[in-house]
Amino acid sequence: MQNNLVMAQRDMQKSSKKQKVVKIFVLVGLYTFLGIMALIVLFPFYWMIISSLKTLPEYRLSIPTFIPTFWDFHNYVEAFNTANLGKLFLNTMYVGIVSTILSLVITVLSAFVFARLEFKGREVLFAGLLATMMIPGELFTITNFGTVTKLGWINTFTALIVPFLVSVFYIYLLRQNFLQIPNELYLAAKVDGTSDLKYLWKVMIPLAAPSLVSITILKMMGAWNSYVWPRLVANDADHRLITNGLRNAFTDLSGDTDIPLQMAAVAIVSAPLFLVFIFLRKYIMKGVSRSGIKG
């Protein structure tokens with residue numbers, strides 16, 4: 001009997017050791033895979049940085065160098081002045097801030113209406129709005145361009161701001177967050193004589209702050225990265241945004257592009273987005289996750 005117990009203990013120990021070995025191999029394989037994928041994702045950014053610090057002759061070498069032989073930090077100063085990045089930054093910030101503020105107002109009011117107010121056809125109307133999300137954005141670009149042209153908004157900030165103030169995705173995101181707030185609070189506020197706007201401002205907006213922060217960040221990033229639409233409707237020097245300004249700023253009349261200067265400008269433009277992601281990513285994830293709890 002005692003021998004059987006000893007044998008059983010030994011078998012359990014061997015099984016436990018095997019499980020530990022298997023777990024270690026799985027973890028090593030997982031982290032190796034993640035490390036390789038991280039290198040693949042980060043390599044383009046690394047190449048952008050080292051290219052921005054090379055001289056043009058070194059960049060054109062037949063055998064590329066992975067570390068610059070001469071670190072030319074002056075490329076950043078020259079790129080900033082050549083592309084007139086100061087003007088481009090101001091234009092982009094103006095469009096981003098104004099469009100974000102107006103879009104937030106429209107999103108908050110629309111989400112409140114679909115989450116709390118009772119009226120005939122509410123669900124049908126909201127379903128129709130959601131259905132528009134299945135339409136490719138390129139189709140809206142065509143129709144919006146025709147409308148903007150007829151209104152005479154070409155080469156104005158209005159054309160960059162107005163057409164994309166309404167986002168069905170943001171309305172849906174915030175509505176789902178509003179639905180998590182107990183309806184009893186709304187009914188109690190109505191009994192006390194509180195208006196809908198006051199209840200929205202005092203109760204719902206503070207409780208939905210994470211989602212609002214997420215929407216603000218995503219909207220600003222969208223304005224910062226926008227390329228096709230600004231190039232169609234406002235590509236003149238006074239209204240050009242930062243993504244369009246980098247397109248041909250470093251190309252001479254012969255079609256030759258100074259890649260190190262262009263990469264330096266791209267690094268400057270990308271820096272704010274990296275900082276936003278590093279310091280505010282938890283707010284984005286928190287806002288999106290909170291909005292997906294209740295449907």
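The following questions and answers explain how terms are applied to this predicted model.

User: What should I know about the ground rules?

Analyst: This is a predicted model, where local features need pLDDT of at least 70, side-chain atom pairs count only at pLDDT 80 or more, and totals for chains, interfaces and linings use all residues. Residues are numbered from 1 along each chain as its sequence is written, and side-chain values use heavy atoms, with hydrogens and water left out.

User: How many helices and strands does the chain have?

Analyst: There are 14 helices and zero strands. Helices are DSSP runs of H or I with at least four residues, strands are runs of E with at least two, and numbering starts at the N terminus. In sequence order the pattern reads α-α-α-α-α-α-α-α-α-α-α-α-α-α.

User: Why is Thr100 called buried?

Analyst: Its relative accessible area is 5%. Buried means under 20%, exposed means over 50%, and partly exposed is in between (1.4 Å probe, protein chains only). Thr100 therefore counts as buried. The residue sits in helix H4, residues 85-116. Across the chain of 295 residues, buried residues make up 31%.

User: What does Thr100 touch, leaving aside its neighbours within four places in sequence?

Analyst: Thr100 is in contact with Thr216, Lys219 and Met220. Contact means heavy atoms within 4.5 Å.

User: What does the side chain of Thr100 reach?

Analyst: The side chain of Thr100 reaches the backbone oxygen of Gly96 at 2.5 Å. A polar contact is a pair of N or O atoms within 3.5 Å; within protein, one must be able to donate a hydrogen and the other to accept it, and residues adjacent in sequence count only if both atoms are side-chain atoms.

User: What share of contacts between residues at least 6 apart join residues at least 24 apart?

Analyst: For the chain, that share is 71%.

User: What makes the nonpolar surface patch?

Analyst: Leu27, Leu30, Tyr31, Phe33, Leu34, Ile36, Met37 and Ile40 make it, with about 790 Å². Patch residues have over 30% relative accessible area and no salt bridge; nonpolar side chains (Val, Leu, Ile, Met, Phe, Trp, Tyr) are joined within 5 Å, like charges within 9 Å. A salt bridge is a side-chain nitrogen of Lys or Arg within 4 Å of a carboxyl oxygen of Asp or Glu. Tyr31, in helix H1 (residues 2-52), has 58% relative accessibility, so it counts as exposed.

User: How much accessible surface does the chain have?

Analyst: It comes to about 18400 Å², of which 70% belongs to carbon and sulfur atoms. Accessible areas come from the Shrake-Rupley method with a 1.4 Å probe; for residues, only the protein chains shown count as cover.

User: How many aromatic pairs does the structure hold?

Analyst: There are 13 aromatic pairs. One of them is formed by Phe43 and Tyr46.

User: Why is the pair of Phe43 and Tyr46 called tilted?

Analyst: The rings are 6.2 Å apart, centre to centre, with 40° between the planes. Rings of Phe, Tyr and Trp (its six-membered ring) pair if their centres lie within 6.5 Å; planes under 30 degrees apart count as stacked, over 60 as edge-to-face and the rest as tilted. This pair is tilted. Phe43 and Tyr46 are three residues apart in helix H1, so about one helical turn separates them. Phe43 has 39% relative accessibility and counts as partly exposed. Tyr46 has 36% and is partly exposed.

User: Why is the pair of Trp47 and Phe66 called edge-to-face?

Analyst: The ring centres are 5.6 Å apart and the planes are at 70°, so the pair is edge-to-face. Trp47 lies in helix H1 and Phe66 in the loop between helix H2 (56-59) and helix H3 (74-82), so the pair ties together parts that are 19 residues apart in sequence. Trp47 is partly exposed at 23%. Phe66 is partly exposed at 48%. Ring pairs link Phe43, Tyr46, Trp47 and Phe66 into a cluster.

User: What is the phi of Asn84, and where does this residue lie?

Analyst: Phi of Asn84 is near 55°, a positive value in a residue other than glycine. Asn84 lies in the loop between H3 and H4. Its relative accessible area is 43%, so Asn84 is partly exposed.

User: Why is Asn225 called partly exposed?

Analyst: Asn225 has 44% relative accessibility, so it counts as partly exposed. The residue is in helix H11, residues 209-225. Not counting residues up to four places away in sequence, Asn225 touches Thr243 and Leu273.
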